[in-house]
Amino acid sequence: SKSPTSNPSISPTTSPTTSPTTSAPTTSPSKSPTSNPSTSPTTSPTTSPTTPVPTTKPSLVPTTSPTVPPPPSKSPTKAPSTSPATGQPSKSPNTKPSTPVTVPGILMFDVVASNVDNVNMDKLKMAVKETVETKGCPETTEFKSCKCAVLEVRTTPQRYMLRRLQRRLQSASLQVSYELEIEAICASSDCRDAQTVANQLYEEVTGDLRDAINDGSALSSLQESSSVIATLLDGAIITSNFGEVVIPILALLTVWYPDWRGQSGTCKNDGNSPIYMKMLGTYYESSLISCCQRFYQWDIYSCSGGGYVQSGFYPNWGQSEKKCLKITETADDMNVNIPSQRLANNAESCCEQHYSWAYNECISLTGGSPLVTGTGKWYVNHEKMICQMDCPKGGSVPDPKCGGLANTWKTLYESAATCCEQKLAWIPSATCEAKSGLTTLVGTSKWYVDWNLEKCVKDCASSSEANCGGLAERWDITYGSISECCQRISHIPQHDCTVE
């Protein structure tokens, strides 16, 4: 029948129905959704994603615009972070401060076995570079880099008897100049300890290289580099020398050297001095002025770029006046032409050095006052044929006996008489002493023969005196009376014997 039974069956059918009980799903749900959502979340979140696995079919069309990141915050957080941004500190610290240090050196090889001119110099330089780096780069002092620069190879031909060969071979000595350049780590953040670090490196480097040379390992290392070097250094004797440590940062500030190589006529402090200057260490000065004064004495003004004005006194050579000139009172261009060795600190020193024979005249003309009084002894003046005293000429009360300060080569005597006797023996002592300024010259009033007149005349100074023939010379024989003198020229009648 088409209507249900009034009593349902107690047990299910043995076969399920093969079709739904209704012909189509219901168009109206049994219940409608709530009008208000729940006001609190579920007490337990979902434990799995909404889909069991990711989709296996991504969208075929990308989005039309890229994802826009959120803008940064415009204000800082209200509280600082409570933990560091990284979980642990960096394993590598920031770069440590460093300073370049240069250790200059020379390797010297004596009794080099082969002809150096035929040796491959590049191989020799490479061998020295590798050996110096291997033996010299520090092992205990911290550094960033260490490399050797070979600067020059010099050869000096010599001859040696090699007993093992029993013959003479052409040999030579070698000198290899190099610089070991080290970038050293400073202990202080601003490298204030650069000098200390450099000194420590220098002691370590030079000590290690000396040890390698003394124990033979340096020579072995060189010979092992190539067969050419092994042949060259077979039986060679190696020694070394080291220059002072160079710190370019400090050198630029404190060390000046003459620029002879560049021929600039001045001194430089760029740290590029030649290797021999670095080796010897005796060509450096602490300032430009001191360097110019030492190495460019003839032109300090140009060397210093006009920054040095000379002072002192220099001789006025080429002029008739015996005096010294003050350089600050002469023309500006004189600063270029006056070598410093010709400048004296004061007028006295200048006159003594350059005009010692006319010291007081020089002092007077220069504008000073004499400081030397002389010895008061006597010396000969051959030009005037007199003896003069060793004392300054001039002054407010001139002394006629003073002939000026004696030159160093002059012989000095205690008295004018001794000077006349020793140096002007052909002049009568009385005449010599009188002319030397001691007494008034009057003569002896004795008689002597004037052979030009063939008459007897009197030895006197005044021509107004009767029969005066002037002062007798040293060779003239004097007589006490006119009759004695006339007997000397007996062929002349007595009445014609005198000039009366």
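This is a predicted model: local features need pLDDT of at least 70, side-chain atom pairs count only at pLDDT 80 or more; totals for chains, interfaces and linings use all residues.
**Stop 1: the largest nonpolar core**

Select L107, F109, L180, L222 and L233. The largest nonpolar core has 34 residues, and these five touch the most other members. Next, colour the elements that build this core: β1 (98-112), α1 (121-136), β2 (143-162), β3 (167-185), α2 (194-214), α3 (217-223), α4 (227-232) and β4 (237-242) each give at least two residues to it. Which element supplies the largest share of this core? The answer is α2, with eight residues.

Now centre the view on L222. Which residues is L222 in contact with, once its neighbours within four places in sequence are left aside? They are F109, A127, V128, T131, I229, L233 and I238.

A separate core of 13 residues lies apart from the largest one.

**Stop 2: the aromatic rings**

The structure contains four aromatic pairs. Show the side chains of W260 and F295. Their ring centres are 5.4 Å apart and their planes meet at 85°; edge-to-face requires an angle over 60 degrees, so this pair is edge-to-face. W260 sits in the loop between β5 (257-258) and β6 (267-268), while F295 belongs to helix α7 (residues 288-295).

Are the two residues buried or exposed? W260 is partly exposed, at 36% relative accessibility, whereas F295 is buried, at 11%.

Y276 has 37% relative accessibility and counts as partly exposed. Keep all four residues on screen: ring pairs join W260, Y276, Y283 and F295 into a cluster.

**Stop 3: helix α10**

Select helix α10 (residues 347-354) and highlight its buried residues, A347, E348, C350, C351 and H354. Turn the view to look down the helix axis. Why do the buried residues line one face of α10? They do so because they fall within an arc of 165° around the axis. An α-helix has 3.6 residues a turn, so residues three or four places apart point the same way.

To see what covers the buried residues of α10, show β7 (313-315), β8 (324-326) and α11 (359-366), which are included in that cover.

Finish at the N-terminal end of α10, where N346 forms a cap. A side-chain oxygen of N346 lies 3.4 Å from the backbone nitrogen of E348.

Definitions and conventions. Residues are numbered from 1 along each chain as its sequence is written. Side-chain values use heavy atoms; hydrogens and water are left out. Rings of Phe, Tyr and Trp (its six-membered ring) pair if their centres lie within 6.5 Å; planes under 30 degrees apart count as stacked, over 60 as edge-to-face and the rest as tilted. Helices (H or I, at least four residues) and strands (E, at least two) are DSSP runs, numbered from the N terminus. Buried means under 20% relative accessible area, exposed over 50%, partly exposed in between (1.4 Å probe, protein chains only). The arc is that of the directions from the helix axis to the C-beta atoms. Contact means heavy atoms within 4.5 Å. A polar contact is a pair of N or O atoms within 3.5 Å; within protein, one must be able to donate a hydrogen and the other to accept it, and residues adjacent in sequence count only if both atoms are side-chain atoms. A nonpolar core is a set of buried Ala, Val, Leu, Ile, Met, Phe, Trp, Tyr and Cys residues joined through side-chain atoms within 4.5 Å.
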